[in-house]
Amino acid sequence: MNKILIANRGEIALRIMRSAREMGIKTVAVFSEADRKSLHVRYADEAICIGEAASSASYLVMDKIIAAAKQTGADAIHPGYGFLSENAAFARKVTQSGITFVGPSAESMEVMGSKLGAKAAAKKFDVPMVPGTDTAIDKIEDAKSIADQIGYPVLIKASAGGGGKGMRLVEKSEQFAQEAASAMSEAKSSFGDGSVFIEKYIGSPRHVEIQVMGDTHGNMVYLFERECSVQRRHQKVVEEAPSVVLTPAVRKNMGECAVRVARAAGYYNAGTVEFLVDEQLNFYFLEMNTRLQVEHPVTEMITGIDLVKEQIRVARGERLSFTQDDLAINGHSIEVRVYAEDPSTNFLPDIGNLKIYKIPQGPGVRVDDGFEEGMDIPIYYDPMIAKLIVHGKDREEAIERMKRAIHEYQIAGVATTLPFCLFVMNHEAFVSGRFDTHFVGTYFSPEKLFADNDDEARIAAMLSAHLLGAETTFNAQTALKDSPSAWKKNRLE
Ligand code: MV4
């Protein structure tokens, strides 16, 4: 492998290029008109424009990407996450064009792309599953009698869904038939596949996922878990490794289950097996993600493994560079996602110009981003500015380090989710580890961001607005948007 094309943009494109560069592999960026000045374009050895700003005209157009690879002589394509990363047709086209796809086989993606297909594959290998139907519901009356046996509440899920899309909670037997019918028609219209299945509803679950990695020689290992329970509308906000709740025995058991799920799909390369964990530490297989995930850095921090390098080695046909016994958890890592969204307006995107952008530094801090001061955040894509990742000797140090890093992070010009991330780091439920997927809904409201430091926020907002030559009228949004952090106020004093 001499030259790799990264079929993505932003922080993940840069992340992949960094590993390629360390391995002596040349890189090719592709970019849309909106990304002409992006860092990933400048970082790459070569860059090719593949179309208009809209993803549907650029980052999602398979033929343009493959043509760019041919034009530049790239012999491999890494898809990153999002866009075409879990598209089996793309993986197949790449391979059929004689180019190495850095990821699993198209067949594995197809199996795991269907939730029912994934469950069917996993079931044969002794992987615990939430009680429910393991085939698509076609007769509502039959499904209702199964739901009645399981006991309510139950969840109706779309097989082609994911990330919470197409889920229905049914509280009572009387509501089942109607909800099932509407879930099926919604699944049909949203995903083009009307199959749905039912599961017992787990009321207070944690979302724990296992990173797996396999090669094409039959080796498969797990790189422990990531706890991702702090989510907002199925969007992860905080991820950490390891999970505070897992015991070594449960960790090993889950890890080995994840490896069996992956083997069931003939899997190779990096993948993630998602589980729900209940209050008694029972765990249940949910689905498998067949890509490198946004939150992969926390796994890298605790294992010392460069997952992208390993993906490239596996794609070159090499054996994994480590065995299960080589792997151990070192310390604790937390990641927060920094979005250009305003926590005081229910997280409306607040795209615009990064008037001030200074990243935190110092021991145990890693920032994966794709922006520089003065850049505009384009409206066309996901509004994530950066991932802020810390590593500490234990969870307590990691939390203190994250608070310190958030304090150092200076962003002005757009509102960000940093104040919200700080709220999480300071929250008793997060600090104690007693939280589940309901954390945000249960504890967060925008007023919480101002509860303790209203005066400080007001002063900081007015001073920074003054610095930026903006209007000095105070409102909550200005406070979040134009006050990078309290340090600036202190400096002025
Ligand atoms: C569940 C569940 C409770 N019980 N399944 C949401 C996304 C999809 N991957 C699965 N999801 C859930 N499935 C049963 N049987 C609760 C959720 C869920 C959830 C899961 C992980 C992280 C955040 C969540 C937020 C709401 C619901």
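User: Why is D134 called partly exposed?

Analyst: This is a predicted model, and in it D134 has a relative accessibility of 30%. Buried would need under 20% and exposed over 50%, so D134 lands in between and gets the label partly exposed.

User: What makes K123 and D134 a salt bridge?

Analyst: Their side chains meet at 2.5 Å, N to O. The cut-off is 4 Å between a Lys or Arg nitrogen and a carboxyl oxygen of Asp or Glu, so the pair qualifies. The two residues are 11 apart: K123 sits in helix 6 (residues 115–123), and D134 in the loop between helix 6 and helix 7 (140–150).

User: How do you know that E110 and R92 pair up too?

Analyst: By that rule again: 2.9 Å, N to O, against a limit of 4 Å. This pair links distant parts of the chain, with E110 in helix 5 (residues 106–113) and R92 in helix 4 (residues 88–96), 18 residues apart. E110 is at 41% relative accessibility, so it counts as partly exposed. R92, at 28%, is partly exposed as well.

User: What makes K403 and E400 a salt bridge, and where do they lie?

Analyst: The N to O distance is 3.4 Å, which is within 4 Å, so it counts. Both residues lie in helix 12, three residues apart, or about one turn. An α-helix has 3.6 residues a turn, so residues three or four places apart point the same way. E400 has 45% relative accessibility and is therefore partly exposed, while K403 is listed among the buried residues of helix 12.

User: How do you know that the length of helix 12 agrees with what a helix should span?

Analyst: Helix 12 (residues 395–408) has 14 residues, and at 1.5 Å a residue it should span 20 Å; its end C-alpha atoms are 20 Å apart, so the two agree.

User: What do the buried residues of helix 12 pack against?

Analyst: Their partners include strand 11 (235–241), strand 14 (332–339), helix 13 (418–426) and helix 14 (428–432). Among the buried residues themselves are A398, I399, M402 and I406.

User: What is the reach of helix 9, and what covers its buried residues?

Analyst: Helix 9 (residues 248–264) reaches 24 Å from its first C-alpha to its last, close to the 24 Å expected for its 17 residues. Its buried residues include V250, M254, C257 and V261. Their cover includes helix 5, helix 6, strand 9 (206–214) and strand 12 (269–277). Helix 9 is followed by G266, with a positive phi near 60 degrees.

User: Are F224 and R233 buried or exposed?

Analyst: They come out on opposite sides. F224 is at 8%, under the 20% limit, so it is buried. R233 is at 66%, over 50%, so it is exposed. F224 is in strand 10, and R233 is in the loop between strand 10 and strand 11. Neither is a glycine, yet phi is positive in each: about 65 degrees for F224 and near 50 degrees for R233.

User: Which peptide bonds are cis?

Analyst: One of them runs from Y152 to P153, with omega near -5 degrees. Another joins A241 and P242, where omega is about -5 degrees. P153 is in the loop between helix 7 and strand 6 (154–158), and P242 is in the loop between strand 11 and helix 9.

Definitions and conventions
Residues are numbered from 1 along each chain as its sequence is written. This is a predicted model: local features need pLDDT of at least 70, side-chain atom pairs count only at pLDDT 80 or more; totals for chains, interfaces and linings use all residues. Side-chain values use heavy atoms; hydrogens and water are left out. Helices (H or I, at least four residues) and strands (E, at least two) are DSSP runs, numbered from the N terminus. The expected span of a helix is 1.5 Å times one less than its number of residues. Buried means under 20% relative accessible area, exposed over 50%, partly exposed in between (1.4 Å probe, protein chains only). Contact means heavy atoms within 4.5 Å.
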